[in-house]
Amino acid sequence: MAYFPDLSPYTYSSRRYGELNVGWLGPNIPFPKGDVPPEFVERLKQFYRFSVNATRGIEFCFICEPWMFSPYTGAPDESEKERIFDMVHNIEINGQIHRVYLLEIRVLGRDGKIYAAPTLIYHYVVAHKYRPPQEFIDAVMTCEPDWCRHAKKPREKRIGIRGWLLNLLDKIDPPDDRMWPVDEKR
Ligand SMILES: [Zn+2]
């Protein structure tokens with residue numbers, strides 16, 4: 001998986017709107033640890049219901065599943081691997097178990113900053129005590145988990161006869177100007 005420092009500019013996908021990276025941890029790179037409020041952990045989970053950029057790929061935890069990162073010897077047997085896989089990739093949301101595939105979540109801060117976090121951020125927080133930047137924790141606590149379903153791309157200013165025409169065309173055939181298409185593969 002890709003490593004990016006916390007609060008660096010997001011570049012992983014070509015569909016981007018100035019987001020800041022949070023939780024893109026990587027092997028052999030120290031990360032901040034500490035307690036987080038239990039309400040934060042609960043609320044963070046809700047954002048998985050509204051993920052973006054999902055594929056059927058899998059992202060592995062470099063701490064729990066080091067055999068997925070070469071070179072590595074001494075992997076456990078298959079049943080133990082499976083147990084660990086379920087522990088890393090299953091997440092219980094509102095009483096239902098979801099398998100978390102490769103996906104990202106988006107969180108909007110009160111100041112308009114957008115944060116981009118990878119699949120395993122919840123796992124890193126609960127299993128490895130990763131402590132995201134405080135501004136991200138604050139954003140999760142205030143942002144509506146489904147906000148990115150409704151977020152619209154900024155519109156160019158439309159003036160003159162060309163603008164009038166474009167507005168008219170949009171009325172006839174409204175464009176899908178959401179920032180992120182809805183993920184079907186969750
Ligand atoms: Zn892990």
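In which handedness of crossing does α1 pass α3? First, the ground rules. This is a predicted model, in which local features need pLDDT of at least 70, side-chain atom pairs count only at pLDDT 80 or more, and totals for chains, interfaces and linings use all residues. Residues are numbered from 1 along each chain as its sequence is written. Helices (H or I, at least four residues) and strands (E, at least two) are DSSP runs, numbered from the N terminus.

The crossing of α1 past α3 is left-handed, meaning that the near helix is turned anticlockwise from the far one by less than a right angle. The axes of α1, residues 38-46, and α3, residues 121-128, come within 10 Å and cross at roughly 155 degrees. Axes are lines fitted to C-alpha atoms, for helices over the stretch in contact, and angles run from 0 to 180 degrees between N-to-C directions. That angle makes α1 roughly antiparallel to α3, the term for angles over 145 degrees.

On the α1 side, V41, L44 and K45 meet Y122, V125 and V126 of α3; contact requires C-beta atoms, placed from the backbone, within 7 Å.

Now the strands, which pair if DSSP finds at least two bridges between them. An open sheet of 3 strands has the order β1-β5-β4, with mixed pairing. Its edge strands are β1 (20-21) and β4 (104-108). β4 and β5 (residues 114-118) run antiparallel, joined by 5 bridges, and E104 stands opposite P118 in β5. Helix α4, residues 134-142, packs on this sheet and touches β4 and β5. The direction of α4 makes about 85 degrees with that of β4.

Technical notes
Parallel < 35°, antiparallel > 145°, perpendicular 65-115°, else oblique. Contact = placed C-beta atoms within 7 Å.
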